[in-house]
Amino acid sequence: MIYLARATIRDIAVKAGVSITTVSLVLNGKELRIASATKKKIIRIANELNYRPNQLAVGLITKKTNTIGLIVPDISNTFFGELAKGAEKEASSCAYNIILCNTNDNPDKDVEYLNILLDRGVDAVIMVPSANSADSMAKKCLTLMEQCQKPLVLVDRIKMGEKHTSISVDHEQGGYIATKYLIENGHTRIGCITGPLGMLNSRLRFLGYKKALKDSDIRFQAKYVEEGNYHVEDGERLAEGLFENKVTAIFAFNDLMAYGVYKAAAKLGCRMPEDISVVGFDDLFYSSIMEVPLTTIHQPSYEIGEAAVRRIAELVKDENTKKEAIIFKPKLIVRNSVQNINR
Ligand code: RIB
């Protein structure tokens, strides 16, 4: 196997018969008083040696590597895939690279990857905390970034007050319109499979669920509530208990858990939506092509990714950039998974 050692400025200087300083000035476009023939020779040799600046070395001088770390909890969930695509698209339009880290919803990985990214000299980090993380973990990550004087933007799951920039959809409004839609279709025994209630986004969606019940004078019943962890298996396992409590509809706090409800219904021979109605949250691509397309709450995950990079690039450029919570509007996407039982 041939290992091609990475060409350095020194290699170019030796081959061109000039000093390292002369090569550095030419390659950084500061070659004011260098003869044209020398410049051309240096550039020719750099191309022949396939020279690429060592970004970490450059970063040591400029203190910037034009690299942003993006930490997400579950890359197999296309919500995060779309978010990463939006982030990457915005990053490439403002000359940044993205290093993507997947924590598999393991909160220890949140901090581990943050340290790895800082060791690699990223200029900033965008983070969606792990499902089993909590505000204390987010605070730990924010403190670490503050100590390194680098910006951290929290996306989607946790908001640490107005002192830090966070970007998400209006989770409470999303929970409200999902539940309201089921109520408008005649459902009063509405099951709810939440995300981890240690997460702000889940607590806000739960608030929206309870507010919609209250606004329609429907009594909240704890027996209709199960706490999940945003995975398909949770939806399947928890739906069975709700079926036993004779719910006519289930609001699942994300599409993956809604898919689990479909699996539980199929296992019990329940027809959808005739026997059980379901509303999800996220609006993943698959939700529109299922045999019974899922009614859900759309989150603009791609746009959230774009906004996170746009804002963090501003924070890198000027640390006094306004820190705020950027909130996107959720949207109800009506498909075929809810039966109107008013009739
Ligand atoms: O599907 C994953 C869930 O976790 C989404 O609802 C998103 O908001 C993230 O927090």
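Which residues of the largest nonpolar core touch the most other members?

The structure is a predicted model. Its largest nonpolar core has 71 residues, and those touching the most other members are Ile126, Val155, Ile193, Tyr209, Phe243, Ile250 and Phe251. This core lies between domain 2 (65–168 + 301–324) and domain 3 (171–300), because both domains give residues to it. Another core, of 20 residues, lies apart from this one; Cys101, Leu117, Ala138 and Leu142 are among its residues.

Tyr209 is listed among the core residues that touch the most other members. With neighbours within four places in sequence left aside, Tyr209 is in contact with Gly175, Tyr176, Thr179, Ile190, Gly191, Cys192, Phe220, Tyr224, Val225 and Phe251. Phe251, one of these contacts, is itself on the list of residues touching the most other core members.

Strand S5 covers residues 166–169, and all of them are buried. Ser166 and Ser168 point one way from the strand, while Ile167 and Val169 point the other way.

S5 pairs with strand S4 (residues 152–155) in the parallel sense, over two bridges. Val155 stands opposite Ile167 of S5; Val155 is also one of the residues touching the most other members of the largest nonpolar core. S5 also runs parallel to strand S11 (residues 325–328), to which four bridges join it. Here Ser166 stands opposite Ala325 in S11.

## Glu306 in helix H12

Is Glu306 buried or exposed? Its relative accessible area is 11%, which is under the 20% limit, so Glu306 counts as buried. The residue is found in helix H12, which spans residues 301–317.

Not counting residues up to four places away in sequence, Glu306 touches Gly86, Ala87, Lys89 and Glu90.

## Ligand surroundings

Which residues are found around the ligand? They are Asn77, Phe79, Phe80, Asp156, Arg157, Asn201, Arg205, Tyr230, Phe253, Asn254, Asp282 and Gln299.

For Asn254, a polar side-chain atom lies 2.8 Å from an oxygen atom of the ligand. For Asp282, the distance from a polar side-chain atom to a ligand oxygen atom is 2.6 Å. For Gln299, an N or O atom in the side chain is 2.9 Å from an oxygen atom of the ligand.

Conventions:
Residues numbered from 1 in each chain as written. Predicted model: local features only at pLDDT ≥ 70, side-chain atom pairs only at ≥ 80, totals over all residues. Heavy atoms only, no water. Buried < 20%, exposed > 50% of the residue type's maximum accessible area, 1.4 Å probe, protein only. Pairing = 2+ DSSP bridges. Contact = heavy atoms within 4.5 Å. Core = buried A, V, L, I, M, F, W, Y, C linked by side-chain atoms within 4.5 Å. Domains from an automatic or database assignment. Near = heavy atom within 4 Å. Polar contact = N/O pair within 3.5 Å; in protein donor to acceptor, adjacent residues only side chain to side chain.
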